[in-house]
Amino acid sequence: MTLPGYGGAAGPPESITPAPGARWSGVCEPSPPPAAAGRRAVIGAGLGAGLAGASAVLVPPTASYAADGASAAGLVYRGRFTGVGDPDWHYLPVEVPRGTTRIDVAYGYDKLETGAGVSFNIIDIGIFDASGKGLGDAAGFRGWSGGARDRFSISRSRATPGYLAGPIGAGTWHVVLGPFTVVPPGVEWTVTVTLHRGGVRGRRFRPRPAPRRVRGTGPGWYRGDLHTHTVHSDGRHTQASLLALAREAGLDFLASTEHNTTSAHLTWGRHVPDDFLVVPGEEVTTRAGHCVTLGQPAGAWIDWRYRPEDDQLGRFTERVRRLGGMSVAAHPFAPTAGSTWQYGYDDVDAVELWNGPWTLDDQTALSAWHALLVAGRFVPAVGSSDSHHDGQQVGRAQTVVHAEQLSVGAVVRGLRRGRAWLAESSAVELGLEARLGGRAAGCGQSLDAGPADVVDVRLEVGGVPGCLAQVWGPAGPLAGAVTDEQGRAEVTVQVRAGAAPFVRAEVRRLDGAPVVNPVEGVPALPVVALTNPVFLAPAPSRAQNRNEDVTT
């Protein structure tokens with residue numbers, strides 16, 4: 001699901017070095033830690049303001065100057081998080097003088113490694129500039145790396161992945177620390193901020209986002225991966241390698257959803273070819289669940305610094321809608337710290353039922369989602385890989401969406417309407433349709449049949465040898481068939497709309513023993529494909545669909 005600093009297993013290397021000859025415009029290799037404090041070390045007057053009152057133990061920062069004090073100045077912050085009553089977010093003020101050309105930040109603490117790829121102590125890190133650090137203050141956001149890096153650098157021309165290059169304005173910046181998991185009696189930490197002066201090297205960074213549509217495309221079914229990561233957060237894919245894997249998986253589009261940062265959006269245009277779509281997004285990684293946003297303009301940052309009791313999620317998902325996008329509750333039953341969804345579904349537009357290989361939390365999500373349908377609530381379902389590295393296959397799972405064209409706006413509209421089905425790979429083919437007289441409806445659509453009407457339902461699948469294909473209604477399977485040697489099957493059934501106001505499809509693999517380990521599988525037949533419902537009766541109304549006619 002997610003990695004340390006975001007709530008899961010091992011993260012990327014501490015530094016990322018471009019291949020020989022590579023050009024990383026706008027991206028800076030993390031700098032080494034600054035030198036130790038010299039003879040001119042003094043207490044930084046005024047810089048301890050705002051440090052008092054927290055449960056953490058904090059020491060006012062020490063200012064020091066390098067041997068060439070005219071070109072670099074450093075600040076060293078020290079403190080301790082106790083693991084009891086620590087704030088979710090703690091801010092270290094940094095007075096940045098006029099003429100500063102680069103900021104380097106390095107930090108360290110005892111991570112209490114378990115030897116199993118998991119740390120007991122995790123402290124996240126990021127930074128806001130002098131424009132502000134208040135909740136939703138996008139103007140001040142300058143980057144985030146969670147627990148994936150131990151250092152970063154920002155200048156007007158380059159920045160470490162996850163951070164935003166640009167002018168270094170004078171004023172009070174804030175390094176933000178997030179004690180994600182801290183084991184009592186606590187952990188000491190050190191943050192060193194180095195402010196560089198001198199000549200400005202390189203041109204000012206110029207964003208190059210990906211185009212928002214693929215020219216020459218029309219109505220059809222398009223395959224995409226809606227949840228992916230690169231080195232711009234805690235992934236190990238570069239943008240180029242992720243794109244190559246998506247093409248290899250037979251996808252038409254992918255969503256770029258880095259944890260809490262938008263830096264990748266600003267360079268996708270350097271990598272994406274004319275016939276492929278990259279949907280800008282973000283994995284909004286709160287302490288009580290993750291929300292994937294999709295379709296907002298490149299660079300539009302969505303804040304994550306709240307919990308359910310703060311009643312702020314709706315504020316930000318509504319902002320995403322106003323920007324032409326949508327929000328998805330990610331891996332709602334993920335069994336890792338901070339990843340389980342605790343906000344309910346009133347403020348999101350869809351739910352990620354399938355995240356990576358089919359496992360117990362996916363099966364739990366499917367059961368809970370089906371219960372919502374039975375209760376008369378429709379939250380469209382999507383699937384994605386949540387790929388961070390080569391061990392997590394891009395396109396497994398994937399969402400196949402019907403869109404008017406291959407564009408960000410059209411894909412978002414299709415997903416919000418539930419005009420989509422999910423599959424483990426591009427080899428899977430599927431069609432589900434309900435007919436009454438001359439009318440027909442597919443996934444996410446309504447046939448508007450009366451209670452006494454008998455509807456003809458047809459499911460066709462291909463590319464799935466050794467599988468069981470079933471049509472489901474509210475009470476369970478209505479009909480099914482086993483695929484032939486070529487992986488094809490056809491299921492037909494007549495359904496009275498009054499008895500089954502919706503139908504949906506599942507395809508499960510028969511050619512393998514159930515896996516009992518909940519991390520690796522489920523004690524049931526693994527899913528190969530599933531669909532959003534076709535409503536035989538009028539579809540449930542959803543307040544969230546009030547903005548579905550976006551035009552981006």
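Guide: Happy to! Keep in mind that this is a predicted model. Let's start with a cysteine: Cys-291 counts as buried, since its relative accessibility is 3% and the cut-off for buried is under 20%.

Visitor: And what about Cys-467, buried or exposed?

Guide: Cys-467 counts as buried, with a relative accessibility of 1%.

Visitor: How many disulfides does the structure hold?

Guide: Zero disulfides are found in the structure. As background, a disulfide is a covalent bond that links the sulfur atoms of two cysteines.

Visitor: Okay, zooming out. How many helices and strands are there in the chain?

Guide: The chain has four helices and 28 strands.

Visitor: And what share of the residues is buried?

Guide: Of the 552 residues in the chain, 56% are buried.

Visitor: What part of the contacts joins residues 24 or more positions apart?

Guide: Counting the contacts in the chain with a separation of 6 or more, 72% are between residues 24 or more positions apart. For a pair that is apart in sequence, take Thr-267 and Ala-210: 57 residues separate them in sequence, and their C-alpha atoms are 7.4 Å apart in space.

Visitor: Where does Thr-267 sit?

Guide: Thr-267 is in the loop between strand 12 (253–256) and strand 13 (277–286). Thr-267 is buried, because its relative accessible area of 4% falls under the 20% cut-off.

Visitor: New topic: helix 2. Which of its residues are buried?

Guide: Helix 2 covers residues 313–322, and its buried residues are Leu-313, Phe-316, Thr-317, Glu-318, Val-320 and Arg-321.

Visitor: What do those buried residues pack against?

Guide: They pack against strand 14 (289–294), strand 15 (326–329) and helix 4 (408–416).

Visitor: And what follows helix 2?

Guide: Gly-324 follows helix 2, and its phi is positive, near 90°.

Visitor: Last one: which residues make the nonpolar surface patch?

Guide: Leu-112, Phe-120 and Val-183 make a nonpolar surface patch of about 240 Å². Val-183 belongs to the loop between strand 9 (171–181) and strand 10 (187–197).

How values were computed. Residues are numbered from 1 along each chain as its sequence is written. This is a predicted model: local features need pLDDT of at least 70, side-chain atom pairs count only at pLDDT 80 or more; totals for chains, interfaces and linings use all residues. Side-chain values use heavy atoms; hydrogens and water are left out. Helices (H or I, at least four residues) and strands (E, at least two) are DSSP runs, numbered from the N terminus. Buried means under 20% relative accessible area, exposed over 50%, partly exposed in between (1.4 Å probe, protein chains only). A disulfide is a pair of cysteine sulfur atoms within 2.5 Å. Patches are made of residues with over 30% relative accessible area and no salt bridge: like charges are joined within 9 Å, nonpolar side chains (Val, Leu, Ile, Met, Phe, Trp, Tyr) within 5 Å. Accessible areas come from the Shrake-Rupley method with a 1.4 Å probe; for residues, only the protein chains shown count as cover. A salt bridge is a side-chain nitrogen of Lys or Arg within 4 Å of a carboxyl oxygen of Asp or Glu. Contact means heavy atoms within 4.5 Å.
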